[in-house]
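Walk me through this structure, please. I would like the overall picture, then the ring pairs, then some local backbone details.

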Amino acid sequence: MIRNYIKTAYRSLIKNKGFTVLNVLGLSLGLASCLLIILYVADELSYDRYNTKADRIYRVNEDLKLGENNVHYAVCMPPLAKTLKSDFTYVENTVRIKNVGLRHVKKGTTNILENNIAFADPSLFDVFTLPMINGNPASALAEPNSVVINETIAKKYFNSTPGSYRDVVGKTLTFDDNTFYKVTGVIRDLPRQSHFNYDFFISMSTFPDSRSTEWLRSDYNTYVLFKEASDHKKLETALPAFLNKYSGAQMQSQLNMSMAAFEKGGSFFRLNLTPLTDIHLKSNRSGELGPNGTVQYVYIFSAIALFILLIACVNFMNLSTARSSNRAREVGVRKVLGSAKRHLITQFLTESIMVTFAATVIALFSTVALLPAFNQLAGKELSISAQTLTWLIPALLFIVLFVGAMAGSYPAFYLSSFQPIDVLKGKLSAGFKGAGLRSFLVVLQFSISIFLIIGTLVIYNQLNYIQTKNLGYNRNQVLIVQNTFELNNQARVFKQEVKQLPGVINATLTGFLPTSNWKNTSIFFKDAAFDQKKALFPQTWEIDEDYIKTLDMKMALGRNFSSQMLTDSSGIIINESAAKFLGLKDPLNKPLYRSNGGKQDISNSKEYHIIGVVKDFNFSSLRDVISPVVLVLAQNKGALSVRVNTTNLPFLLSQIKDKWKALSPNIQMNFSFMDQDFDASYRAEQRVGRIFIVFTSLAIIIACLGLFGLAAYAAEQRTKEIGIRKILGASITTIAGMLSIDFLKLVFIAILISLPAGWFLMNKWLQDFAYRVNIQWWVLVLAGFTAVLIAFITISFQSIKAALSNPVNSLRSE
């Protein structure tokens, strides 16, 4: 019986090639798009799940509110990890990780710049699953000046192969400060789906600060591994008393108040936990070990996948019911010959599942073929591995059955319910008119398509706004020479020599740049009483006298720093946000008090006076409001930013490299351009915009395929009517309009539904940006017009074809 169902279904599908091609093409496009998005979403959700103890690992975070200042850290105090383990029996282990930053590592006579270096406690390999190929995980990071490297670094510096990693252990690596590190282990490269991805792990005991007992300073990413069956909420409940116990004395001595008094004044100092598997998508704190994703984009892409699959299924249902008149006599004859309703339902569901199976196979091969292009588009390294197939094959089988049943259910029950006597007498009316469900599904399709068009336009406008917004500084034509601290005392000499080169307008020496990751905060008070309600917790950047001129910033009040004025060592420049936060209408010459050395110790403070106010400039994501900034005149050798104006940039670059080489012949100069660094910080949003455009286009194509098929069947069912109208003198334009108007009415209904929904949802998305565009009326009009135009072009092809047909052919049987 099953064989008969399959054979009959195959013959029916071959007989109606146009219907079959449209359905298979629409479903395969929809399924391929859905599969690509599923792989993307699965990758985002898989971060840190390679850890076998992932469900028991939590990161400790710190939240600080001081006056009206709120800061959220992913880092904590130096002694926290050790104290947590000793105080709570349900804590199995703890580990700290501290990012080192850029360092040069010697290979022969060459110094290679490395970025993925971190200090780590010896318990690193007990908490996290980092398989060690060679070495002892328990003791690899126990001794000072020990380093564990991954496979890539072993090959890079020792030309090792998997069989010779044993020879690497015991060898040494030399860093740029001429410190020797003994290699004590080789681990496998970390999976890309990790919220941190380091190549070197240096023993924490190498870093003297790691033994600090300060409880009011945060520098270390701290992780807790709970014992099995332990409840992390017990620790969260105990943390306030725990923090008061250990930090209370230091707060009393440094802030001259108890924790209770601190909180009574409206401030707070708290610790909380984040599950390891939530860090990548749900954490965006200061001090993260790497760039994280956004769970919002996972929701958006999941919705797009669902929408596209829904549109493809709607196509299937629409085309199947639209061609019901062609199969009505078949159903009537089958019923007269004794075919039961359940057999007819099974027959039609078999056809549906066969089409879905064929579409799924095509979609799978299409996904494999398109994956490299999609990886480039999304900035991913997705692949269909053996592990992926373990869940992908069952998922595809489920999709075949679910989509086949869902898309074929209505046609199956609809067609099998025909009464044979009505069908055989020709009384069945199965045209486009009166098909309520079909009309509803067309409206649904185009409502989704119009919503996606609105989303695409809004995202494009927001990304364009980010690219063109006045940021308060000029990022164009600025060359950044990285890591000038490598030059030591020669850094200022390098700056002066570069400034003398033709084509160089100005240069500034500091690592604190709007596009860099260098951040530093300090506490300032409006008066010497250190009233926390009048505290300021700004970004505090060390700059030189050329900084504002080089970055083309504008002064709102006062003046810039001057190397000729010795009093500027105690002068500061604040931004407009800081002035507004402090409530200072005339901030010039007003004092601010900062703890000596910039630490959170106000018992030994220093008085500064405000010499100027710089106009606000964006130094973090446009999702965030510009926060207070204090600029201090000090020597910082982090980087040299050079504003250039030359038509021969390669020649100028070679001159700067020569200047560097003369001062530091063994260390390679590394550089970037500020506009490129800025673009990199918004790469995630740019990728989202491109992905949105691609899948919106696919959704529209799939919707048009269905509309094309419906228009063809509508024209086919009205063939005789068209012939009579042509004989009576109807023009081609009149007939084309008559055939198009029914569909266009549905598109206009879809516009009325989707425009307010699209405006509401995209406006909600824009709320995540502190600086954003408004959704203009023309965006909604353009989305609606685009939908009408696309629908009209799609319908017109079939309408004009029908209008041009010879009426003799359609009426010869009458």
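A residue counts as buried when its relative accessible area is under 20%, and as exposed when that area is over 50%. Values in between are called partly exposed. Keep these cut-offs at hand; they return throughout. The model is predicted.

Start with the whole chain. The protein chain holds 25 helices and 25 strands. Of its 814 residues, 53% are buried. Its accessible surface comes to about 36,600 Å². Carbon and sulfur atoms account for 57% of that surface. Now take the contacts between residues at least 6 apart in sequence. Of these, 79% join residues at least 24 apart.

Next, the aromatic rings. A pair of aromatic rings is described by the distance of the centres and the angle of the planes. How many aromatic pairs does a search of the whole structure find? The search gives 29. One of them joins Phe88 and Tyr90. Their centres are 5.7 Å apart, with 40 degrees between the planes, and the pair is tilted. Both Phe88 and Tyr90 are buried.

Compare the pair of Phe119 and Phe207. Here the ring centres lie 4.9 Å apart and the planes meet at 10 degrees. Planes under 30 degrees apart count as stacked, so Phe119 and Phe207 form a stacked pair. Where do the two partners sit? Phe119 belongs to strand 6, residues 117-120. Phe207 lies in the loop between strand 11 (200-203) and strand 12 (221-226). The pair therefore ties together parts that are 88 residues apart in sequence. Phe119 has 8% relative accessibility, so it counts as buried. Phe207 has a relative accessible area of 22%, so it is partly exposed.

Leu273 lies in strand 13, residues 268-275. At 9% relative accessibility, Leu273 is buried. Ile57 is 216 residues away along the chain, yet its C-alpha atom is 9.7 Å from that of Leu273.

Rings also meet charges. The charged end of Arg96 sits over the ring of Tyr220, 5.2 Å from the ring centre. Arg475 lies over the face of Phe678, at 4.1 Å from the centre of that ring.

Now a helix. Which residues of helix 5 (residues 151-158) are buried? They are Glu151, Ile153, Ala154, Tyr157 and Phe158. Their directions cover an arc of only 165 degrees around the axis, so these residues lie on the same side of helix 5. Asn159 follows helix 5 and has a positive phi, near 50 degrees.

Then a hairpin. Strand 4 (residues 103-107) and strand 5 (residues 110-114) run antiparallel, joined by 5 bridges. Lys107 has Thr110 as its bridge partner in strand 5. Lys106 stands opposite Asn111 in strand 5. The hairpin has 2 residues between the strands. Gly108 takes a positive phi there, near 70 degrees.

Positive phi turns up at residues other than glycine as well. Ala229 is one of them, with phi near 70 degrees. Ala229 is found in the loop between strand 12 and helix 7 (232-255). Is Ala229 buried or exposed? Its relative accessibility is 89%, so Ala229 counts as exposed. Asp552 is not a glycine either, and its phi is positive at about 60 degrees. Asp552 lies in the loop between helix 17 (547-550) and strand 19 (555-558). With a relative accessible area of 32%, Asp552 is partly exposed.

Key: Residues numbered from 1 in each chain as written. Predicted model: local features only at pLDDT ≥ 70, side-chain atom pairs only at ≥ 80, totals over all residues. Heavy atoms only, no water. Phe/Tyr/Trp six-rings, centres within 6.5 Å; stacked < 30°, edge-to-face > 60°. Buried < 20%, exposed > 50% of the residue type's maximum accessible area, 1.4 Å probe, protein only. Helix = DSSP H or I, 4+ residues; strand = E, 2+ residues; numbered from the N terminus. Lys NZ or Arg CZ within 6 Å of the ring centre and 35° of its normal. Arc of directions from axis to C-beta. Pairing = 2+ DSSP bridges. Contact = heavy atoms within 4.5 Å. Areas by Shrake-Rupley, 256 points an atom, 1.4 Å probe, with all protein chains shown as cover.
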